[in-house]
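Welcome! Please take a moment with the sequence and the 3D view below, and then let us walk through them together.

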Amino acid sequence: MRDNENYWQRLRRRPVSRRSFLVGSGVAAAGSAAILAGCGDDDDDDAAAPAATQAAAEEQAAAATEAAAEEQAAAATEAAAATQAAAQEDTGPDKRGGTLLNWKTEEDAGLDPGVFHLSNREIHNGTMTQPYTYQATKNLFSMDGMVGFEQVDPTTFVWSIRPGMKFHNGDVVDSEAVAFSFGRLEKLYRALDGTHTTRTGYAFVDSFEATDELTVAEHWARPNADAPVYRAAHYYSFLNPRMVDEFGKFEGSYEGPDGVVEDVYSVQELPHGSGSGPYTMTKRDSTGTRIERWPDYHKHTPADDGFVEDGPYIDAWETRIIPDAVAAKAAFLAGDLDIFTTVDPLEVPEFEGQDHVNVVEITGDGGLCMQGMDGGKFHDKRSRQALQKSLDYEGFIAAIRPLGGQYAAPITDLLPAYQKLSQQDLQEWYRFDPAEAQALWQAADFVVPVENIKIFQSTGAPLQHEISDFLAQSIATALGPIGVTTEVEAVDGNSWAARAVDRSTDVKDWEILSYGTGDRSGTDGIPNNSFLINYDPRAYGFNAFNHYLESPRPEIAEGSATIIEMLNAQEAETDPEARGVLLTELQRWILDNHWCNWRLPVSSVSYFGFSSRLQDQGAADWLNGYSLRRESMWLQS
Amino acid sequence: MTRYIVRRLIAVPFMLLGISFVLFMLLYIRPGSAAFAAIGSVGDADPRAFEKFEERFGLNRPWWEQYGDWLWGALQGDLGERLTPPHDDVMGDIIEVLPNTLEIGLLTIFISAVIGISVGVVSAVRRNSILDYAFRGITIMGISIPNFWFAILVIYLPALWWGWTPARQWVVFTDDPIYNLSLAVWPAVTLALASAAGMARFVRTSMLEVLFSDYVRTARAKGLRDRSVIWGHVFRNSLIPVITLVGLQLGAVLGGVVIAEQLFTVPGLGRLSLEGVTDQDYPVVLGTIMVFSFVFVLVTLLVDILYTVIDPRIRY
């Protein structure tokens with residue numbers, strides 16, 4: 001690697017003292033001045049994670065189901081014991097204390113966990129208690145506000161709440177509070193006609209019932225295999241009903257199934273006493289937020305993986321608002337931040353040789369990188385197939401993923417229980433064949449003639465431009481000889497989103513929607529979110545790609561009915577193995593039919609930056625959204 | 001003089017009205033929607049949510065009604081609420097961040113004036129010397145280097161080399177004046193670079209013109225000391241175009257502050273304005289730009305008044 005370094009990379013590595021920098025700068029400035037001054041004489045008129053949990057993780061290969069739930073509880077206890085032992089082994093007084101230095105790009109959009117989740121996660125995760133955490137890479141649940149759960153029958157799920165918990169104002173955390181917290185999410189969703197909570201997480205629930213002081217039962221309309229994972233989301237935080245009563249702001253009304261209309265309130269300011277988490281919020285302004293240890297935080301016994309019996313090791317979290325990426329990188333390099341999160345693979349060398357910086361390599365699917373097709377125009381499967389055969393996949397990997405790339409299936413390979421298609425399997429569909437592409441295109445039926453293919457993207461990530469340009473070039477190479485031209489249009493994010501989901505006509509004003517750079521991994525553990533929702537005729541398939549049940553194009557309507565049936569079947573299948581088979585069939589159907597979207601090759605590695613002093617940070621699950629609740633993280637002094 | 005000032009002050013509201021109208025129309029005709037910026041991230045949001053959003057903020061009304069409402073509110077000191085959640089009061093947000101921007105703006109003008117005038121005077125007095133050549137070279141560099149790029153270097157290189165960056169946690173002046181100044185000086189220096197360079201060249205040119213005028217020769221002939229000639233006659237007489245330039249540079253400084261605040265993580269009016277633009281939050285954009293405009297109009301008026309102080313011959 002060193003042999004390939006250019007001058008600037010070598011220069012960056014060379015230690016430069018303040019003195020030599022100043023001397024060099026002075027000489028350079030004087031030299032430049034002399035040269036420039038001599039250039040003309042017109043100046044006068046110029047104005048101008050712990051190893052001990054590994055065994056437990058392997059045991060938990062099955063997704064959470066009735067059977068798995070029991071195994072889960074046992075494994076979690078085992079994992080907890082192992083973690084506890086490991087922790088006690090090297091727990092010294094030095095693990096406790098310190099302020100973790102975090103950052104975010106903008107101020108929050110309100111703090112109610114049931115409304116928006118824009119730049120407010122550090123507050124939810126620090127100041128509130130959730131049922132449990134879920135580490136997707138280990139398929140591991142760790143108990144937080146709950147001590148257990150049980151799938152009593154296919155449509156009844158029962159929670160046991162941790163005894164002795166209190167909200168920050170001293171109110172008791174009981175089953176009424178928990179049932180209220182869970183139940184209000186759908187009410188808010190309906191009152192506001194949409195929130196950031198995932199509707200599919202409660203769409204199958206009939207009711208949340210407080211059955212005794214520390215037990216809550218969920219009554220479902222139908223089985224749902226993903227339900228336990230959904231409940232690990234931070235918006236299932238326990239919220240004090242009294243604070244909502246006292247400080248809530250009216251958001252609208254909600255009509256329940258029994259026809260009773262109920263007013264719905266939010267607490268976007270999250271007043272003190274709303275949460276029961278390990279920290280309380282002590283600062284929130286335009287420069288950032290601060291949360292500090294709450295001395296009365298309940299005992300976490302037994303402490304599962306990621307938790308500590310006596311509360312978090314770290315005393316406080318200071319989160320700065322840094323809107324600019326360069327400033328954030330500079331702050332991280334300067335030691336002003338403990339967390340940097342995703343590092344652009346091409347920038348990794350810049351972090352080398354910095355002792356206080358720890359760049360962690362995570363292997364796996366690099367995330368979303370899509371080429372979405374307008375079903376209004378590409379209703380004939382052959383036209384979509386022609387586009388797929390027009391992409392030079394090997395060339396794409398060489399040009400866009402120089403540090404390693406891989407083919408991507410409709411479900412991320414970070415969910416091995418559900419992703420059974422190997423790279424070899426995927427090669428069946430990822431073939432560059434210009435001759436076949438031309439034949440397919442010429443044979444295809446077009447209701448709306450397509451002579452020019454507009455690839456539509458939002459501005460922002462430089463890599464997005466490179467991806468779109470490559471697509472345009474590759475399609476032009478394959479289909480250009482038969483008269484098809486290509487162009488790329490890039491607009492700002494809001495305009496892009498507006499035009500992506502514009503449904504004023506049967507066809508879009510673009511042909512291909514290019515989105516996602518595929519260079520960072522992450523999953524919440526739910527196949528729908530990673531990434532089946534992009535193919536779903538009830539979600540993005542409808543909103544963005546004209547692949548929906550009521551499509552005026554018969555082929556699209558028929559395909560929509562088929563995939564909806566397959567999506568429903570897999571979601572209701574609670575046996576992980578049987579579900580894995582259904583999901584594989586589903587993926588094969590998507591790929592065979594070139595349905596709606598095409599995942600482009602993604603990075604096979606992602607990089608995360610942490611400070612060297614931050615220990616046990618749970619790097620592999622950082623982007624999965626659960627590591628922020630890792631109370632076992634600690635700061636080396 | 002008083003009549004002139006009154007006349008100018010009467011014109012201010014009309015100028016602001018014109019600016020606000022043009023700005024509103026530009027924001028109105030641009031593609032995209034504030035509803036998407038505010039709630040577009042809701043993956044499966046019901047289309048009714050967008051309609052409800054537009055209804056709540058009156059975005060579904062004709063432009064003249066929207067503008068009229070905004071204008072009526074603005075006249076009463078109410079710049080509306082932000083379209084992006086949590087829908088803060090725009091005036092409140094502006095009042096919170098305005099002192100930070102004014103601080104950086106004033107520091108920039110101060111640094112720019114001190115450096116620009118000093119370099120310009122030395123360059124003119126020691127014209128065609130090595131020092132003059134060096135300063136002229138540096139000033140060309142200062143004018144040529146885009147301030148956003150210079151700011152990136154100022155932020156990033158010290159972090160890479162010495163593990164230190166000037167883009168640190170912002171603290172307001174009233175909490176810790178010394179620390180605050182240690183933060184504010186960096187964006188100010190970055191912005192001052194180009195304006196100081198421009199000013200230095202302007203001062204030099206202006207002084208050279210005066211240096212060879214008859215009254216300076218007369219002053220020297222009277223036996224006045226060189227220092228008295230330079231500061232009492234040459235400098236004062238070359239100040240009028242310089243002061244015009246300082247006033248005009250304020251516009252560039254206010255423009256530059258948008259990028260500088262973003263890069264140096266200063267919660268200021270520029271950053272607020274940029275947020276408004278990206279979120280298509282027109283009350284924020286209108287509110288912040290109107291404040292910028294108001295400041296600019298006032299400063300140009302102040303410059304005009306200053307002319308009379310510097311040169312008693314000027315009368316309005």
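How many of the eight residues of helix α11 (residues 381-388) of chain A are buried? Six of them are, so helix α11 of chain A is mostly covered, going by a cut-off of 20 or more other C-beta atoms within 10 Å for a buried residue. Please keep in mind that this is a predicted model. The points below start with that helix and then move on to other parts of both chains.

**Helix α11 of chain A and its cover**

- The buried residues of α11(A) are S383(A), R384(A), Q385(A), A386(A), L387(A) and Q388(A).
- Among the elements that cover these buried residues are the strands β15 (370-373) and β20 (597-599) of chain A.
- The helices α14 (434-443) and α15 of chain A are also part of that cover.

**Chain A as a whole**

- Chain A has 637 residues, and 52% of them count as buried.
- Its secondary structure comes to 19 helices and 24 strands.

- With 16 other C-beta atoms within 10 Å, A476(A) is partly exposed.
- Apart from neighbours within four places in sequence, A476(A) is in contact with T485(A) and T486(A).
- From A476(A) to E487(A) is 11 residues in sequence and 9.1 Å in space, C-alpha to C-alpha.
- D536(A) lies in a loop of chain A, between β19 (512-515) and α17 (540-543).
- D536(A) is buried, as 22 other C-beta atoms lie within 10 Å.
- Once neighbours within four places in sequence are set aside, the contacts of D536(A) are G541(A) and L567(A).
- D536(A) and Y236(A) are separated by 300 residues in sequence, and their C-alpha atoms are 25 Å apart in space.

**Chain B as a whole**

- Chain B contains 12 helices and zero strands.
- Of the 316 residues in chain B, 41% are buried.
- The C-alpha trace of chain B spans about 85 × 60 × 35 Å along its principal axes.
- Taking the contacts in chain B between residues at least 6 apart in sequence, 73% link residues at least 24 apart.

**The nonpolar core**

- In soluble globular proteins, nonpolar side chains tend to be buried together.
- Here the largest nonpolar core has 222 residues.
- The residues with the most contacts inside this core are A327(A), A330(A), A331(A), I155(B) and M199(B).
- Helix α8 (residues 177-211) of chain B gives this core its largest share, 16 residues.
- A330(A) touches I155(B), Y156(B), A159(B), T165(B) and A167(B), leaving out residues up to four places away in sequence.

**Where a helix of chain A meets a helix of chain B**

- Helix α9 (residues 325-333) of chain A packs against helix α7 (residues 147-162) of chain B at an angle of about 25°, and their axes are 8 Å apart.
- Angles under 35 degrees count as roughly parallel, so α9(A) is roughly parallel to α7(B).
- The crossing of α9(A) past α7(B) is left-handed.
- On the α9(A) side the contact is made by V326(A), A327(A), A330(A) and L333(A), which meet I152(B), I155(B), Y156(B), A159(B) and L160(B) of α7(B).
- By class, this contact has nine nonpolar residues, no polar and no charged.

**Helix pairs within chain B**

- Helix α5 (residues 90-125) of chain B crosses α8(B) at roughly 35°, and their axes come within 5 Å.
- That crossing of α5(B) and α8(B) is right-handed.
- The contact of α5(B) with α8(B) has 24 nonpolar, six polar and three charged residues.
- Helix α10 (residues 226-263) and helix α11 (residues 269-278) of chain B pack at an angle of about 95°, with axes 7 Å apart.
- Angles of 65 to 115 degrees count as roughly perpendicular, and α10(B) and α11(B) are therefore roughly perpendicular to each other.
- V257(B), V258(B), A260(B), E261(B) and Q262(B) of α10(B) make this contact with G270(B), R271(B), S273(B) and L274(B) of α11(B).
- The classes in the contact of α10(B) with α11(B) are four nonpolar, three polar and two charged residues.

Key. Residues numbered from 1 in each chain as written. Chains lettered and ligands numbered in written order. Predicted model: local features only at pLDDT ≥ 70, side-chain atom pairs only at ≥ 80, totals over all residues. Helix = DSSP H or I, 4+ residues; strand = E, 2+ residues; numbered from the N terminus. Buried ≥ 20, exposed ≤ 12 C-beta atoms within 10 Å, placed from the backbone. Core = buried A, V, L, I, M, F, W, Y, C linked by C-beta atoms within 7 Å. Contact = placed C-beta atoms within 7 Å. Axes fitted to C-alpha atoms, helices over the stretch in contact; angles between N-to-C directions. Parallel < 35°, antiparallel > 145°, perpendicular 65-115°, else oblique. Left-handed = near helix turned anticlockwise from the far one by under 90°. Nonpolar A, V, L, I, M, F, W, Y, C, P; charged D, E, K, R; others polar.
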